[in-house]
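Please open the structure in a viewer and keep the sequence panel at hand.

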Amino acid sequence: MTTLFDPLKLGKLELSNRLMMAPMTRSRANDVGVQPDYVAEYYAQRASAGLIVTEATNVSPMAKGYVRTPGIYTDEQIASWRSVPEAVHAKGGKIFMQLFHTGRIALPDFLPNHAQPVSASNVRAKGQNYTDEGMKDFVEPRALTTEEVKQTIQDFATAAKNAVEQAGFDGVELHAASGYLVQQFLMKPVNLRTDEYGGSLENRARFVLEILDAMSAAVGAEKVGVKFSPAMPFNDIQEPDADDMYPYLIAQLNHKGLAYVHVGDHANAGWHEKLRPLYGGLYVAGANFTQERGAEYLAANKADAIAYGVKFLANPDLPERFRQNAPLNEPDFSTFYSPGTKGYTDYPALG
Ligand SMILES: Cc1cc2nc3c(=O)[nH]c(=O)nc-3n(C[C@H](O)[C@H](O)[C@H](O)COP(=O)(O)O)c2cc1C
């Protein structure tokens with residue numbers, strides 16, 4: 001019977017347990033996407049995870065949708081990341097970088113020369129985004145040209161190469177969740193394109209599949225994971241055909257030899273039960289997991305690993321706390337996205 005503390009072979013890596021630290025934006029970078037030194041300490045404190053996935057990292061200047069988020073497309077950004085995998089490896093851990101483009105969730109405030117955000121088409125998301133000047137409404141995006149779509153696919157491949165070959169990460173995770181650009185292409189009401197990237201379900205899925213192929217060609221498929229969050233209630237996600245789209249995507253991914261597929265079932269809508277049986281590779285289940293529920297999923301072969309978000313944020317030694325059935329630290333929501341080390345590197349470990 002598999003437990004949370006069993007090792008796991010992921011590509012060529014040997015993970016020491018089956019707890020993944022879920023990707024979490026922490027907004028500690030400077031305005032040009034360069035990480036401060038103490039980011040290495042934050043991740044190294046959490047190196048006892050079987051696998052860490054970093055905060056979502058911008059693949060290009062137009063990808064940025066949140067204050068103080070890091071990038072991986074300039075030499076200075078790449079250099080600022082190097083100490084992170086180094087520090088995690090020194091403590092025996094493994095770490096992937098999550099790559100994203102926020103598409104229509106970006107605000108002009110975050111983009112070069114206050115540019116209009118881009119998306120699959122010009123459909124504005126309902127809702128607001130955080131800026132240092134307060135909450136602001138999402139704006140109408142501009143549809144990427146077909147040529148720009150192909151360039152964006154290349155941006156993900158270049159970012160993957162930068163992360164693995166230059167910064168020293170063990171792999172990369174494509175962020176295809178949470179209503180950002182990749183998921184915007186999947187959404188029928190948001191993707192009104194008439195080229196090969198819009199219209200039919202197969203055409204709307206083409207963007208994510210081509211990005212994964214390009215990232216795999218750049219660094220090797222066994223170093224590439226992907227995260228989905230079907231029909232998540234966030235960022236105005238509307239997926240009327242999710243029941244058809246995600247089984248189709250999983251069927252396509254069965255041939256790609258990826259490191260893993262990570263699914264966040266944020267509304268507990270039965271997505272793991274639907275998708276896990278369809279996937280032949282490693283399946284990581286995430287969102288709303290307690291230790292008990294994670295153990296139950298692994299024992300019943302409903303997942304190969306479990307992603308923990310907030311619990312890892314607040315408990316740098318989460319695997320050890322689970323082993324000992326020790327109490328967990330409470331998260332401080334007020335410092336999730338605040339600059340500085342408070343609420344970042346100061347959560348205590350046991351003892
Ligand atoms: C502070 C914070 C930041 C997050 N940032 C990201 C992110 O950058 N990329 C991502 O895929 N998910 C992000 N998430 C979602 C988590 O990866 C995870 O799916 C979610 O927290 C649910 O898991 P949990 O119930 O174990 O916390 C974030 C969550 C939190 C709490």
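Predicted model: local features only at pLDDT ≥ 70, side-chain atom pairs only at ≥ 80, totals over all residues.

**The whole protein.** The secondary structure amounts to eleven helices and 14 strands. Switch to the C-alpha trace and orient the view along the principal axes, where the trace spans about 55 × 45 × 35 Å.

**Burial and contacts.** Next, colour the chain by burial: 50% of the 351 residues count as buried. Among the contacts with a separation of 6 or more, 69% are made by residues 24 or more positions apart.

**Helices H1 and H3.** Now select residues 38-45, which form helix H1, together with residues 83-90, which form helix H3. The axes of these two helices come within 8 Å and cross at roughly 30°. Because that angle lies under 35 degrees, H1 and H3 are roughly parallel to each other. Which hand does the crossing of H1 and H3 have? H1 passes H3 in a right-handed crossing.

**The residues between them.** Finally, show the side chains at this contact. On the H1 side, select Val 39, Ala 40, Tyr 43 and Ala 44. They meet Ser 83, Val 84, Ala 87 and Val 88 of H3. The residues of this contact comprise seven nonpolar and one polar, with no charged residue.

Conventions:
Residues numbered from 1 in each chain as written. Axes fitted to C-alpha atoms, helices over the stretch in contact; angles between N-to-C directions. Helix = DSSP H or I, 4+ residues; strand = E, 2+ residues; numbered from the N terminus. Parallel < 35°, antiparallel > 145°, perpendicular 65-115°, else oblique. Left-handed = near helix turned anticlockwise from the far one by under 90°. Contact = placed C-beta atoms within 7 Å. Nonpolar A, V, L, I, M, F, W, Y, C, P; charged D, E, K, R; others polar. Buried ≥ 20, exposed ≤ 12 C-beta atoms within 10 Å, placed from the backbone.
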